[in-house]
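These are my notebook entries on a structure that I had not looked at before. I wrote down what I looked up, in the order in which I looked.

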Amino acid sequence: MKQQNQESLLLGLSPIQRLVSELRRRFGRFALFWADEFKGDCVAVLWKPAEAVEHPLSVQRAGATFPLAIAGGDGQARGAVIPDVVSMLREFREVGGDIVRDIEVLAGARVVG
């Protein structure tokens, strides 16, 4: 009986799909995420070009960004931010925990806009 209960708990459990769902929830404004549904051992990430550029600093854009400027020359607080890709890659690993074996950034990958 105990083994049947354990097996029924695992039915339909897909750690990769759960990881993709969590990545979409946290970073969906910056990138698109897909899981390899056949082998189940890979998650692909495509950065959104519109989010890869400088944006004005705002509360809505504060997370997962890196500041370019803190204050203007006239002493007025202004700022611009860009995505903090290195920090996001580190968080991908943290969110994935033990199921993330490796993170690979493809050489020569580029955004065509």
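How many cavities of 30 Å³ or more does the count come to by this rule? The count comes to one cavity of 30 Å³ or more, where I take a cavity to be a set of points, on a 1 Å grid over the protein atoms alone, where a 1.4 Å probe fits but cannot get out.

**Entry 1: ground rules.** I noted that this is a predicted model, in which local features need pLDDT of at least 70 and side-chain atom pairs count only at pLDDT 80 or more, while totals for chains, interfaces and linings use all residues. Residues are numbered from 1 along each chain as its sequence is written, and side-chain values use heavy atoms, with hydrogens and water left out.

**Entry 2: confidence.** I looked up the pLDDT, the predictor's confidence in each residue from 0 to 100, and found a chain mean of 79, with 73% of the residues at 70 or more. Over residues 4–8 the pLDDT is below 50, and this stretch has zero contacts in the model beyond near neighbours in sequence, a contact being heavy atoms within 4.5 Å. Where pLDDT is low, the predicted coordinates should not be read in detail.

**Entry 3: the chain.** I found three helices and five strands, which follow the pattern α-α-β-β-β-β-β-α along the sequence; helices (H or I, at least four residues) and strands (E, at least two) are DSSP runs, numbered from the N terminus.

Entry 4: I went back to the largest cavity, which holds about 30 Å³ of space, a volume being the space filled by probe spheres set on the grid points, which are joined across faces, edges and corners. Its lining (residues with an atom within 4 Å of a point) includes Arg-29, Phe-30, Glu-51, Arg-61 and Pro-83. Strand β5, residues 77–83, gives the most to this lining, with three residues.

**Entry 5: Glu-51.** Leaving aside neighbours within four places in sequence, Glu-51 is in contact with Arg-29, Phe-30, Arg-61 and Pro-83.

**Entry 6: two other loop residues.** Pro-49 also lies in the loop between β2 and β3 and is partly exposed, at 42% relative accessibility. Its C-alpha atom is separated by 8.4 Å from that of Phe-30, 19 residues apart along the chain. In the loop between β3 (55–56) and β4 (65–71) I found Ala-64, which has a positive phi of about 60 degrees although it is not a glycine; at 21% relative accessibility, Ala-64 counts as partly exposed.

**Entry 7: the pocket.** The largest pocket holds about 1100 Å³ of space, a pocket being an open set of points with protein on both sides within 12 Å along at least five of seven lines. I counted 32 lining residues, of which Val-43, Ala-44, Val-45, Ile-103 and Glu-104 lie nearest its centre. β2 gives the most to this lining, with five residues.

Conventions: Buried means under 20% relative accessible area, exposed over 50%, partly exposed in between (1.4 Å probe, protein chains only).
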